[in-house]
Amino acid sequence: MTRRTVNLALQGGGAHGAFTWGALDRILEEEEIEIEGVTATSAGAMNAAALKHGWVKGGREGARETIADFWLSLTGLDGAGSDAVMEWLRLFSPAPAITARAMQYNPAVVAGSALTRVFSPYQFNPTNYHPLRETVETLLDERTMDSSEGPKLFINATNVRSGKSRIFEGREVTTDAILASACLPTLYQAIEIDDPGTGRREAYWDGGYVGNPALYPLFYRTQTPDIIIVHINPLHREELPVTASEIESRINEISFNASLLRELRAIHFVNRMLDAGTIVEGAMKRNHVHSIHDDALMNQLGLISKMTPNRALLLQLRDAGYAATDRFLEEFRPSLGERSTVDLGAIVASE
């Protein structure tokens, strides 16, 4: 059995992170695939922390169980009988596009969206209640985040004052750090964390604004050249957005993909310099980039479905992530450790 070591880069995207749940579930089935590092943002950070915690407690199976527990707790399907309910939802739920459209016009969703446009979270949520804090605290043990067992974690958040990326790793990966990585400023008050580097208490927003996810920690803190990016924000949409929600959704995707494209451009540049001999082999790290995605599915969805953990849709996304990863492994497993399986030149080329 050939051992293959990879790094994972997990994008943020709210409830669409259930796609990554499925992708991780499939990867963790592969005993010959070792995961050295995981860089992650927002929902990706929660997936990464669940993976790390579960791995420390119970290896690969423990990681799979903990990730599933996290997402099922959001859907209210944990506990006895959940498997039967999940299967029923898979069989009888409408197509993802129909579910997403229904959520878009749900009166409660429309009212909530309007509220966040008028009032800040400091006004409509003065007590700073965070609906995910208890879930994260219950499922994730901060003491496992610094363990030598399992992959290294790199959790990205945006420093509100400086606008720069902050990478949390080791014992810095706390509940607050994970919530900071997923802190959308229109929904939640900034997460404040003491920064030993500056000696002050810093405020953080969602890491997706400056890194979705940040790849650079993998350049300097891991050995393997292979980076598998689990995409949940499509890079390309063929149809022109015309409704208010479609326009807002596409703006969100473009802004959250911008930093990733910059880092992919840097990887492409370094790889080209190494190929040409301009940079001596070994002077800088060559990276092999791979992608797990389902743009056909994600193009049916939008911003509203990211914000709403609909039970049926989460399970459909989980299954889609599992299937996309299965297809990726079937086609590209032999390329891991050998070469990139995405055309970086085409991705980063300017029009």
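Start by selecting T341 and H290: their side chains are joined by a polar contact of 2.8 Å. A polar contact here is a pair of N or O atoms within 3.5 Å; within protein, one must be able to donate a hydrogen and the other to accept it, and residues adjacent in sequence count only if both atoms are side-chain atoms. This is a predicted model, in which local features need pLDDT of at least 70 and side-chain atom pairs count only at pLDDT 80 or more, while totals for chains, interfaces and linings use all residues. Residues are numbered from 1 along each chain as its sequence is written, and side-chain values use heavy atoms, with hydrogens and water left out.

**Stop 1: around T341**

Stay with T341, which sits in the loop between α13 and α14 (344-348). Helices (H or I, at least four residues) and strands (E, at least two) are DSSP runs, numbered from the N terminus. Is T341 buried or exposed? T341 is buried, its relative accessible area being 16%; buried means under 20%, exposed over 50% and partly exposed in between, with a 1.4 Å probe and protein chains only. Now show what surrounds T341: leaving aside neighbours within four places in sequence, V289, H290, F328, F332 and S335 are in contact with this threonine. Contact means heavy atoms within 4.5 Å.

**Stop 2: helix α1 and its partners**

Next, select residues 18-28, which form helix α1, together with residues 311-332, helix α13. The two pack at an angle of about 40°, with their axes 6 Å apart. Axes are lines fitted to C-alpha atoms, for helices over the stretch in contact, and angles run from 0 to 180 degrees between N-to-C directions. α1 and α13 are therefore oblique to each other; angles under 35 degrees count as roughly parallel, over 145 as roughly antiparallel, 65 to 115 as roughly perpendicular and the rest as oblique. Their crossing is right-handed. A crossing is left-handed if the near helix is turned anticlockwise from the far one by less than a right angle, and right-handed if clockwise.

To see the contact itself, show side chains on both helices. On the α1 side, the residues include F19, W21 and R26, and among those they meet on α13 are L314, R318, Y322 and D326. By class, the contact of α1 with α13 has 12 nonpolar, three polar and four charged residues. Ala, Val, Leu, Ile, Met, Phe, Trp, Tyr, Cys and Pro count as nonpolar, Asp, Glu, Lys and Arg as charged, and the others, Gly among them, as polar.

How many residues of α1 are buried? The count is 11 of its 11, charged D25 and R26 included.

**Stop 3**

Move to T39 in strand β2 (residues 33-41). T39 is buried, with a relative accessible area of 0%. Look for the backbone oxygen of A214, which lies 2.5 Å from a polar atom of the T39 side chain. Apart from residues up to four places away in sequence, T39 touches L8, F154, P213 and L218, among others.

P213 lies in the loop between β6 (200-206) and α9 (216-221).

**Stop 4: two positive phi angles**

Most residues other than glycine have a negative phi, and most peptide bonds are trans. Select S42, in the loop between β2 and α2: S42 is not a glycine, yet its phi is positive, about 55°. S42 is buried, at 7% relative accessibility. Then go to N128, in the loop between α6 (121-124) and α7 (133-139). N128, also not a glycine, has a positive phi of about 60° and is partly exposed, at 36% relative accessible area.

**Last stop: zoom out**

Show the whole protein chain, with its 14 helices and eight strands. Of its 351 residues, 52% count as buried.
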